[in-house]
Every structure is written in C-alpha cells, then in structure tokens.
Protein chains: 2
Amino acid sequence: MKDFRAPTLEDVARAAGVSRATVSRVINGVRNVDVDLQEAVRRAVAETGYAPNRAARSLVTRRAGSIALVVSGAGDGDGSWGFSSSVFADPFFGRVTAGVVEFLRPLGMYPLLMLADTDEVRAEVVAHLRHGAADGALLVSTHAEDPLPEMCVRADVPAVLFARPATPIPISYVDLAHADGARLAAEHLLARGCQRLATITGPLDVPASQDRLAGFRDAAARHGRPYVPIVEGNFQRDGGESAMERLLAEHPKVDGVFAANDLMAQGALHVLHRHGRRVPDEVAVVGFDDGPQALACQPPLTTVRQPVEDMAAEMARVLLAHIDKPGADPTSVIFDPTLVVRASA
Amino acid sequence: MKDFRAPTLEDVARAAGVSRATVSRVINGVRNVDVDLQEAVRRAVAETGYAPNRAARSLVTRRAGSIALVVSGAGDGDGSWGFSSSVFADPFFGRVTAGVVEFLRPLGMYPLLMLADTDEVRAEVVAHLRHGAADGALLVSTHAEDPLPEMCVRADVPAVLFARPATPIPISYVDLAHADGARLAAEHLLARGCQRLATITGPLDVPASQDRLAGFRDAAARHGRPYVPIVEGNFQRDGGESAMERLLAEHPKVDGVFAANDLMAQGALHVLHRHGRRVPDEVAVVGFDDGPQALACQPPLTTVRQPVEDMAAEMARVLLAHIDKPGADPTSVIFDPTLVVRASA
DNA sequence: GTGAAAGCGCTAACAT
DNA sequence: ATGTTAGCGCTTTCAC
C-alpha cells in the first residue's frame, strides 16, 4: 500500500527553498523567474517526483484539461449492441481514434470516448460537456443531419467536426477535397483505357458523397463523357454489392467503376467475381479511403487515399487552439487526397 | 457568452434553506437526512440547475471519477500509423469499446482511451494512472507477454484484464470458456457428418489459442478422432489464408475446418473458394467470435459466439467494484460461448 | 522577480 | 439529524 501522500507544490517549494508561487510559475512556464531559481525548482521537482494534481489545477483554472471524442449518429434501433459495436468496429472510426490518440499522447492527454446515438443521450452528452466533463469535443457524425454540432454551438461548447456539416453552422471542421479525389479516380480509370465509366455513390444527403460524385462527373465530362451511370449506395459492403448488381444488369458493358468508399468497392469486387468478370482486365475498380480493407480486397484495391489519421490529429490541434482562445472564429482545414494504385485498376 | 458562474452547493443550500453539508449528503445519497429536507434539496437542485463540480469533488475525495480503457501491445514498428490504426480498427476491440461505453453511460462516466504500444509509453501510462489520471484501468492486450498488467499490479493501480494473462499474476480478469467453444465447433462439424477434421489455431503462446485447440482436440478424441491436423495462424485474415493453403496441400481430403477466429475463417473461405471447394458441401468451416465479419463472409459464417460486449461491461463492473473496495482479492468471471449456425457449416 | 494570502467547490470530521 | 469548519493542492492577484 502506498499511503504516502504524493508530493505537493509545498513539498517542492520547501526542497527548492522558494515559495509555492515560484514553483507554480516554473511549472507553468511563466517567464519572470530567475534562471537560477528555475534550475533549483526543476531539480527539486525531479528529486521529489512531483506531479501536479489535476483536480486542484482544474478547480482553479476551471478547465478539465481533457477533450472528448464523440461519435454521433442514429442507432439502428434494434435494441441490442448493434449500433455501438458497428460504429466502434468501423475501420474509419478506428483511424480517427488512432489519429487523435497519437496526437494527444505527447501532450499527456487522453480523449474521453463518448457515444451519442439518440437525442436523449445527445442532450446528456452536451450537458456533461457544458458542466466541464471535457473542455471541448471532436465530433464524428455517422449521418448527415446530426443535430449535435448545432447543440454544441448553442451550448457554447468548443467543438470541431470531421467533415463539413450538411447544414451550414458556425463551427470549425476538417475535411478532404472530395471532388479532387474523385477526379483522381476518374482520370486513372480513363488513363488506363476504360470506355464505360460508372460510379457507386455514398448516401446522397451526405456532402462528401455529393462532392465525390460531382468531382467524378466533372472529370468524366472534361474527357468527353457527359453521361455517367450512377447507383446510390450506403457506404456499407452490402450496399456496394447490390449497387454493383444493378450496374451490371443495367449497364452490362461497364468497364470502369468508381465506388465512393472502400467498403462498397469490396462489395462490388465480390459481385464482379461472382459474375465471372475479371478485375481489372474486364472491369477496373477504384475505391475511396484507403482503409485497412483496401489490402484485404481481391485483388488489392486501387483507391483514393484519405489521410484520416492526419485529419483527426488536425481536428485535435484546432480544438485545442479554440479552447486556448475561446473567442476565435471557426476555421476549416481541407486535406488533399492522393491516388494509391494497386491491382484493381 | 455564458460567464455566469455555475451554481454551487452554496447556492443550492441557500435556495433550500439548509446548509452545504446537507445538500452534499442528499446528493451523495447519504442516509440520515430528513425526508422533507431531501425533497426540498431536490427541488432546489432542479431550480438552480445545479451539477456537482467534478474537480472540487476529485480534489477532496482523491478520486478522478473515471476509468481508462487501455490497449496494450507491440507496435509493428513501421513508424507510421500502422499499429494504432489497425488496433482501433479491429472489430474485436470495437466491440470491447462498445460494451464499456454502454455500461458506463448510465453512470455518467466516459472511459479515457489510452494506447500503450511501447515500453516507454507503458511506463508513462502507468505513471499517469498512478498520478490519478483515472481511478483504474481496463486492459486489453494484443499480445501474450504484455508487461502492462504486472506493471499495474506493482504500481497498485486497480486493473481488470480481458482474458487470462499468459503468466499468472494476482489480477482480476474476464474471460471466455474457450475450450467449451471449441468443443461446440467440433461437435457441430462431427454432427453434420464431417470425417476429416482440421483446425487453424491462433498464436500458440496465447492462452485462448491453447484452450481452443485443447477443446477441439478433446472433443474430436471423444468421438474417435485421436489425430487432428493443425496449422498455427496469427488471428489475421492473411494467416488464415496461408494456413488453409497448407492444410489443403498436406491434407487434401479435409472436410471440416475450425478456425480459431472469424478473421482467419474468412481467409480460409477465400482460399477454399479459389480452389473451387464448395462450402459447406465439400468443406465445412466454423469460425470463432461472431464478429461483424461473420456476416460478411461468403457464405455467412457458422461460428462460436463470444459475448464480447457483455464481457467488456463485466470488466467495467468488476473494476468499479475494486475501486470501491481497494483491498479486495482478484476475481475472475468466465463467460459461456454459444454456437451460431449460419451457412458455412 | 518573489512571496503572502485568498480562494476555487466540495467532502468529512466534528460539534451540536 | 443538521450545521460549522477545516482543509484538499493549486493558481493568481497583490504587495513588496
């Protein structure tokens, strides 16, 4: 049992022969402290093994010193573990988490994980946030019309979104140049000689889906293809499968497919395989995201890479800046996608 | 700007016409308080919109009021986002997270997410824990010889493991009756008429892998099959693929395969498909876990269900109990697996 | 540049 | 059963 009281500022002060105030100044990096004393304090800190008491600090600074990573979306209402399991098992969310955790680590911070899957829970989450459970929130929505961002704005809770909100609100976000990514995909397909392009889109109420579709169409049009068949998917594997089935039925001669994410591309690949179409020879397929599944595809998926981890880290950076400077205006940071060529196209 | 100071105990006390102490008692559910006063206090709390200040409470109780969910394992050392992304994208870890988050939610708690992928970071994590970043930790290891559990024990940090540690140490854990699960798989395969069984195991330095293998062999032996070919896998899809290739090469007449997790089963299914073996008619396949991939398999995977979310929730329950009663002895809780029959066997 | 002292909001003795 | 009071460890004016 280590019932030995942890060293406090007072202990360090005594060991260094100065006052609490001076130790506090040194620890918090306030200038106006004699260099010799700084050194003495540092030594005393090392000797005593002092570590600041977060609660005491929070009490006076009125800051929790931590941030929340909250996933917001609509549960599928099946009452079981369905939604939460699938969202946390989503590789996309896993990459966001990884980016946040690794960015925070050097700062000695750890994110609080929150799940807001119903309106009731969302209200609770915002209340907890307002009452200081964390100093701000990183918001990842699974659906287009998520009310949480707006709730945060209204509650004056610092927040940063992953992806531009469907409805404009004054909030910071980090996003990808989706249209550019889709252009990359189209140009690659065209460059390898595909004549009949088609695309499986994401849910069209999501801005990212719209942008990817627009970019793809735009690039196709520039290359003399004014018409591109589209089928709307759901960003899930099964949606990719049914979309590909429809595409094959309605446009049997398609030879180049752009799926708006890797999961749907994987589903499309399955279907193509079942139909005996050789990939990439008969039909070339390009995905989007470059998540872990891209390598699990058969053949390995050519895809548009979205630097999710870096984007997540940037979200955290922006959030910390906002917490640091409460008045500041919302910012947006847009990342550039890159094409990762593998075997499927 | 809401610069209005949040209501404090003092405010509530004044509104209710009692003292701070009484309000505190009511809020913390201490008996010995007159029922009428309790009611008055509750009304005052509602009126004022009071919410306890966590920092102030932590300062005096010396409790953070939160717990950590830490993933520990060895990074793959490629210096990039590799390890953290893949571990957080692992559906298994996603299910654990979901179970923990949902269990904690009604308690108004949110887990702190930590990643400990090197010895240096593990030391930091334990230090933070010891200094009160959280009151205890839920440990999920990705490898057999993870030093973190022992470090927690030594640092006197309350902790609960997912899965029995490879080396016995005095720590609580939650686990599955792996052998029973493997028996379920073997018996199902046998019952459907399979004559030549084989198994793809997990890494054999992991207790769970050993137990599943033992259970499978045991059940086979009971049914007159003293010899079962085994190939060691790595719990990843690619490991399942190469294992299946070897099995097919060395035991071409195999007609019933038990893969020690769903990911490897998925890989095995791929290989079987490539070799033109019909599943389940020519070769039946049973997996383990019943994770989200089980349904993504072709055909849908018959598998042994591990109630990961419930197990994770139980971990949290046990941890909170330990935090509540610091002296208590370690506990273990073992869950029972069930067989989920789908199309692959 | 440095120290003394006043709290931050809460819980838990201790009185009553 | 309820109120009074003494801190918990820290930051931050305010004097010097």
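Modeller: A nonpolar core is a set of buried Ala, Val, Leu, Ile, Met, Phe, Trp, Tyr and Cys residues joined through C-beta atoms within 7 Å. This is a predicted model: local features need pLDDT of at least 70, side-chain atom pairs count only at pLDDT 80 or more, and totals for chains, interfaces and linings use all residues. Residues are numbered from 1 along each chain as its sequence is written, and chains are lettered from A and ligands numbered from 1 in the order in which they are written.

Biologist: Which residues touch the most other members of the largest nonpolar core?

Modeller: That core has 108 residues, and A:Ala68, A:Ala137, A:Leu138, B:Ala68, B:Ala137 and B:Leu138 touch the most other members.

Biologist: Why is B:Gly136 called buried?

Modeller: A residue is buried if 20 or more other C-beta atoms lie within 10 Å of its own, exposed if 12 or fewer, and partly exposed in between; C-beta atoms are placed from the backbone. B:Gly136 has 23 other C-beta atoms within 10 Å, so it is buried. In chain A, buried residues make up 48% of the 345 residues.

Biologist: What makes two residues count as in contact?

Modeller: Their C-beta atoms, placed from the backbone, must lie within 7 Å. Leaving aside neighbours within four places in sequence, B:Gly136 is in contact with residues including B:Ile67, B:Pro158 and B:Leu319.

Biologist: How far is the C-alpha atom of B:Gly136 from that of B:Ala316?

Modeller: The two are separated by 9.6 Å, although the residues are 180 apart along the chain.
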